[in-house]
Amino acid sequence: MQVEHFPLAGPLLLTPKVLGDDRGYFLESWNRRSFAEALGIPEAELPSFVQDNQSRSSRGVLRGLHYQVAPEPQAKLVRCVAGEIFDVVVDLRRNSASFGQWTGARLSGTNHRQLWVPVGFAHGFLTLSDTADVLYKTVGYWNRACERSLRWNDPAIGIDWPVADLEGLEPLLTGKDAEAPTLAAALAAGDVFSEHTP
């Protein structure tokens with residue numbers, strides 16, 4: 001597995017080794033030992049995934065930016081198994097040098113990349129293909145009381161969404177996501193992370 005680091009400490013871009021021939025391909029999408037090595041921690045200290053989620057989205061659908069606060073924060077390992085998305089994380093760790101900054105990567109059914117989203121980050125994606133199927137494993141169960149959203153187009157964050165790839169379509173969001181709080185509002189409400197999580 002190839003491991004790529006971002007300027008923001010914490011998130012990782014993981015690309016599995018793909019064995020292919022004229023019949024198709026094989027890849028190992030999850031290996032506990034390899035994942036612990038990628039995170040740089042002993043396997044015994046690796047948190048357990050407790051939930052697998054799947055979504056299908058049409059072109060232009062923007063999901064996010066979502067996160068969960070204590071007592072049940074979530075970390076996610078995200079991959080796109082069909083189609084293509086632009087996947088984004090935003091650092092919400094108040095004591096981090098990169099607080100409020102973002103990074104992103106294209107995940108697709110052909111590049112097989114996976115994005116590790118640690119606790120302390122908001123996550124979202126924009127669907128670039130006609131449809132996209134996204135799978136993600138979570139550390140921590142979904143908890144409505146802990147769920148939060150962050151405004152996708154907050155100028156204080158300045159995410160450079162590849163909307164030009166939508167060929168004239170406007171991003172399509174739920175009402176809740178479209179009206180999500182800004183970073184400043186989330187900070188004022190205490191809906192950020194107080195500790196610099198690894």
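This is a predicted model: local features need pLDDT of at least 70, side-chain atom pairs count only at pLDDT 80 or more; totals for chains, interfaces and linings use all residues.
Q: What makes Trp 152 count as buried or exposed?
A: Trp 152 has a relative accessible area of 17%, and buried means under 20%, so Trp 152 is called buried. Trp 152 is placed in the loop between S13 and helix H2 (175–178), where, leaving aside residues up to four places away in sequence, Trp 152 touches Leu 62, Gly 64, Leu 65, Ile 159, Trp 161, Pro 171, Leu 173 and Asp 177. Trp 152 and Ala 180 are 28 residues apart in sequence, while their C-alpha atoms are 7.8 Å apart in space.

Q: Why is the pair of Phe 35 and Phe 49 called tilted?
A: The ring centres of Phe 35 and Phe 49 are 5.9 Å apart, and rings pair if their centres lie within 6.5 Å, so the two form an aromatic pair. Their planes stand at 40 degrees; because stacked needs under 30 degrees and edge-to-face needs over 60, the pair falls among the rest and is tilted. Phe 35 lies in helix H1 (residues 32–39), whereas Phe 49 lies in the loop between H1 and strand S5 (51–58), 14 residues apart, and both Phe 35 and Phe 49 are buried.

Q: Why is the pair of Phe 35 and Trp 116 called edge-to-face?
A: Here the centres are 5.0 Å apart and the planes of Phe 35 and Trp 116 stand at 80 degrees; since over 60 degrees counts as edge-to-face, the pair takes that name. This pair links helix H1, which holds Phe 35, with strand S10, which holds Trp 116, and the two residues are 81 residues apart. Trp 116 is buried, as is Phe 35. Trp 30, Phe 35, Phe 49 and Trp 116 form one aromatic cluster, and the structure as a whole holds nine aromatic pairs.

Q: How do you know that strands S7 and S12 pair?
A: Strand S7 (residues 75–82) and strand S12 (residues 131–139) are joined over seven bridges, and at least two bridges are needed, so they pair, in the antiparallel sense. One example is Leu 77, whose bridge partner in S12 is Lys 137. S7 also pairs with strand S10 (residues 114–117), again in the antiparallel sense, over four bridges, with Lys 76 standing opposite Val 117 in S10.

Q: What makes S9 and S13 the edge strands of the five-stranded sheet?
A: The five strands form an open sheet in the order S9-S8-S11-S6-S13, with antiparallel pairing. Strand S9 (102–108) and strand S13 (147–149) are the edge strands, as each pairs on one side only. From one strand to the next the twist averages 25 degrees. Within this sheet, strand S6 (residues 62–68) and strand S11 (residues 121–127) run antiparallel and are joined by three bridges, and Leu 62 stands opposite Leu 126 in S11.

Q: Which residues of the largest nonpolar core touch the most other members?
A: Of its 22 residues, these are Leu 65, Tyr 67, Val 90, Leu 92, Leu 150 and Trp 161. S6, strand S8 (84–91), S11 and helix H3 (183–188) each supply at least two residues of this core. Apart from it lies another core of 15 residues, including Val 78, Cys 80, Val 89 and Ala 105. In soluble globular proteins, nonpolar side chains tend to be buried together.

Notes: Residues are numbered from 1 along each chain as its sequence is written. Side-chain values use heavy atoms; hydrogens and water are left out. Axes are lines fitted to C-alpha atoms, for helices over the stretch in contact, and angles run from 0 to 180 degrees between N-to-C directions. A nonpolar core is a set of buried Ala, Val, Leu, Ile, Met, Phe, Trp, Tyr and Cys residues joined through side-chain atoms within 4.5 Å. Buried means under 20% relative accessible area, exposed over 50%, partly exposed in between (1.4 Å probe, protein chains only). Rings of Phe, Tyr and Trp (its six-membered ring) pair if their centres lie within 6.5 Å; planes under 30 degrees apart count as stacked, over 60 as edge-to-face and the rest as tilted. Contact means heavy atoms within 4.5 Å.
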